[in-house]
Amino acid sequence: EGAVSEACALAMVRGLSTCDDFRLAITGFAGPDGDDVGLVFIAWQTPNEEVRVQAFHFQGTREQIITQVVYQSLRRMVLSSMEPVVMPSKCFFAITIEQEDIQLQCLQVGLNLGYGIDELEPFNNLHLTLVYLGQQSIEQLQDLKEQGKNTLLNKPFSIHLSSCQFWKNSKALVLVADHDLMPLNHLYRELTPSSQDSFRPHVTIAKGIKPLSVGDISVNISFEVKDFSLMLSYDDIFYIKYASWNLSNQEEKND
């Protein structure tokens, strides 16, 4: 099937030592020339688990593609191996963005402003932050799961991102949702602690950067929300869903 294929990645990882270690294999086209530049297959296996493989379509220069491959490989190693109850983390309620076309639209805003693909957030990290809660104990996480389960919103709705802003305090480039979206505001109020200051739901597309433009920029990105999650953040690099709920029936999802 060719050197850059799912079959090849699976054969590579299965050919590694069978000792009790994390196993990883990568095959892809990093460019800069040729067909299918950016197509990469990553296969991995944790002890006592089945082999998994995922295809990616990265953008950018050869060096930028390689950087993204390294990040995604490490992400799979960390998320497949860690125990949320052991590793220190911070948590927040969020709406994850998993549609590939919406991910590309969000990142394209940063590219249009002149940022490199390696300066932007990895597409796996894209989410609309609803409520930031900081570090919580295991008991508090269980209480937050109950809070998510008991929210009253019970049907999907649409979100419209209308503005791109640079937030100086956090040095973050963000996409901000419309103020007047009633379902979003309702979900926000249901999940926000009474003691928390005002916080505007947003999508971070880059952080720790310098602004390349002054003032707000209009954007037009809309997507449907069918669920929301309680997320854990590890050093603001890796994110994992601790719990998720369908808006259609408020049942907890198993991720």
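**Close-up views of a predicted model**

**View 1. The lining of the largest pocket.** Five elements each supply at least two residues of the lining of the largest pocket: strand S3 (52-57), helix H2 (62-81), helix H3 (100-112), strand S8 (202-207) and strand S11 (238-246). Helices (H or I, at least four residues) and strands (E, at least two) are DSSP runs, numbered from the N terminus. This is a predicted model, in which local features need pLDDT of at least 70 and side-chain atom pairs count only at pLDDT 80 or more, while totals for chains, interfaces and linings use all residues. Residues are numbered from 1 along each chain as its sequence is written, and side-chain values use heavy atoms, with hydrogens and water left out. A pocket is an open set of points on a 1 Å grid over the protein atoms alone, where a 1.4 Å probe fits, with protein on both sides within 12 Å along at least five of seven lines; lining residues have an atom within 4 Å of a point. The space in the largest pocket is about 1400 Å³, a volume being the space filled by probe spheres set on the points, which are joined across faces, edges and corners. Its lining has 48 residues, and Gln72, Arg75, Arg76, Phe123 and Asn124 are the closest to the centre. H2 gives the most, with eight residues.

**View 2. The second largest pocket.** This pocket has a volume of about 410 Å³. Of its 15 lining residues, Thr129, Tyr132, His202, Thr204 and Asp236 lie nearest its centre. Strand S4 (90-96), strand S5 (127-134) and S8 each supply at least two residues of the lining.

**View 3. Helix H4 (residues 138-149).** H4 has twelve residues and reaches 17 Å from its first C-alpha to its last, close to the 16 Å expected at 1.5 Å a residue (1.5 Å times one less than the number of residues). Leu141, Leu144, Lys145 and Gly148 are buried (under 20% relative accessible area, with a 1.4 Å probe and protein chains only; exposed means over 50%, partly exposed in between). Seen down the axis of H4, the buried residues fall within an arc of 105°, so they line one face of the helix; the arc is that of the directions from the helix axis to the C-beta atoms. On the other side, Glu139 and Asp143 are exposed.

**View 4. The loop between strands S1 and S2.** Proline 32 lies between strand S1 (23-28) and strand S2 (39-45). The peptide bond to proline 32 from glycine 31 is cis, with omega near 15°. Aspartate 36 is found in this loop too, and has a positive phi of about 60° although it is not a glycine.
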